Amino acid sequence: MKNGKYGIGIIGVGGIARGSHIPGWKKLKDAEIIAVAYISEEKVKEVKEEFDIPYVFTDYKKLLEIEEIDIVDICTPNTTHFPITMDALKYRKHVLCEKPLAVKAEHVEKMMELSKKVDKKLMAAQHHRFRPESIALKKLIDKGYFGEIYHAISFALRRRDLPPRPTFIKKELSGGGPMFDIGVHILDLTYWFMGCPKVHSVKGEIYTKLAKRKDIKGLWGEWDRDAYDVEDFATGFIRFENGATVLLSCSFLANMEKISDFSTTLFGTEAGIKWPDGKIATEKEG
Ligand SMILES: NC(=O)c1ccc[n+]([C@@H]2O[C@H](COP(=O)([O-])OP(=O)(O)OC[C@H]3O[C@@H](n4cnc5c(N)ncnc54)[C@H](O)[C@@H]3O)[C@@H](O)[C@H]2O)c1
């Protein structure tokens, strides 16, 4: 921390960094973006000028070498989160990493282990936990209003919203399709609402039925059908050690009535609710 401000270094300056992270950090009085790292040479100058940032690198390790950087914010494609986080922690930086934290469970475990070892914070950007309706619901759950929550039905379903960038449709960058991109949001939220129980078993299935078809159009523009190598629909069933279960489905493309369904329905012994905008259902209140 210098002059009462945390030094921020951002790695990856694509859609989410430009649209949310950079404007977000700039709003904070006690944070200053010192450097960004961006893989593309020709974009480096443009980014430096556009956002008025002192240092811009093409090699993220140069950013990690800057001592005044306290927090590294990782906004790169999913499969790069693990190696970049491990490097940032080795340089003794706190890390905020975009979701999903990694594409393999063993990688997440290693990231958590190292963050504890070097005594630096590691946080996944699961921002739905910070929505007012999520915070209010979590308080009610923790007070016991819903009793024992024994089942949830969670959806991150999109009818025709396939993100066309390589980051999301090429497995070597994304690790997978909608389960890795949007399923991870609704699953994280549901898991948090349910008290983060230990997982007993998981079953799942993936499908690529629409994304390769030329007659299917997306609201976010065209994508490369030949390069597309992830699923467009995924479903799963999770059983926790405490006996509770979650049914989860997500899609980039699906033949469904609504444009999207991003929701989780919680079934408790005393009450139930559909997040984000559902009414509480009980014996008394109907
Ligand atoms: N929280 C959310 O709701 C949300 C929304 C969108 C994206 N995301 C996540 O953010 C991440 C990035 O998504 P995006 O939409 O910005 O993708 P994007 O393709 O627009 O941008 C990715 C950027 O990372 C850069 N990059 C790749 N490897 C790099 C490296 N080794 N060093 C430096 N830069 C590198 C690329 O040049 C590109 O600028 C993904 O993990 C995605 O899941 C989260």
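The structure is a predicted model, in which local features need pLDDT of at least 70 and side-chain atom pairs count only at pLDDT 80 or more, while totals for chains, interfaces and linings use all residues. Residues are numbered from 1 along each chain as its sequence is written, and side-chain values use heavy atoms, with hydrogens and water left out.

The protein chain is divided into domain 1 (6–125) and domain 2 (131–275), with bounds that come from an automatic or database domain assignment. A distance of 26 Å separates the C-alpha centres of domain 1 and domain 2. Contact, defined as heavy atoms within 4.5 Å, involves eight residues of domain 1 and eleven residues of domain 2. The area buried between the two domains is about 740 Å², and carbon and sulfur atoms give 59% of this area. In domain 1, the residues that lose the most area to domain 2 are Pro77, Thr79 and Lys99, together 54% of what that side buries. Buried area is here the accessible area (1.4 Å probe) that two parts lose on being put together, summed over both.

A salt bridge is defined as a side-chain nitrogen of Lys or Arg within 4 Å of a carboxyl oxygen of Asp or Glu. By this rule the whole structure holds twelve salt bridges, and one salt bridge is found across the interface of domain 1 and domain 2. Lysine 99 forms a salt bridge with aspartate 181, with 2.8 Å between the closest N and O atoms. Another salt bridge joins the side chains of arginine 18 and glutamate 46 (3.8 Å, N to O). This pair links distant parts of the chain, with arginine 18 in helix α1 and glutamate 46 in helix α2 (residues 41–51), 28 residues apart. Helices (H or I, at least four residues) and strands (E, at least two) are DSSP runs, numbered from the N terminus.

Pockets were identified on a 1 Å grid over the protein atoms alone: a pocket is an open set of points, where a 1.4 Å probe fits, with protein on both sides within 12 Å along at least five of seven lines, and lining residues have an atom within 4 Å of a point. Grid points are joined across faces, edges and corners, and a volume is the space filled by probe spheres set on the points. Two or more lining residues are given by each of α5 (105–118), β6 (122–124), α9 (178–193), β8 (199–207) and β9 (233–240). The largest share, seven residues, comes from α9. By class, this lining has 22 nonpolar, five polar and seven charged residues, and at least three residues are drawn from each of domain 1 and domain 2.

The second largest pocket has a volume of about 920 Å³. Its lining comprises 37 residues, and those closest to the centre are Ile16, Cys75, Thr76, Pro77 and Thr167. The elements α1 (15–27), α4 (81–90), α7 (166–169) and α9 each give two or more residues to this lining. The lining of the second largest pocket divides into 18 nonpolar, 13 polar and six charged residues. Domain 1 and domain 2 each supply at least three residues to the lining of the second largest pocket.

Backbone geometry was also examined. Most residues other than glycine have a negative phi, and most peptide bonds are trans. A cis peptide bond joins lysine 99 and proline 100, with omega about -15°; proline 100 lies in the loop between β5 (94–97) and α5. A cis peptide bond also joins tryptophan 275 and proline 276, with omega about 10°, and proline 276 is found in the segment after β12 (272–275). Aspartate 119, in the loop between α5 and β6, has a positive phi near 60°.

Note on methods:
Nonpolar A, V, L, I, M, F, W, Y, C, P; charged D, E, K, R; others polar.
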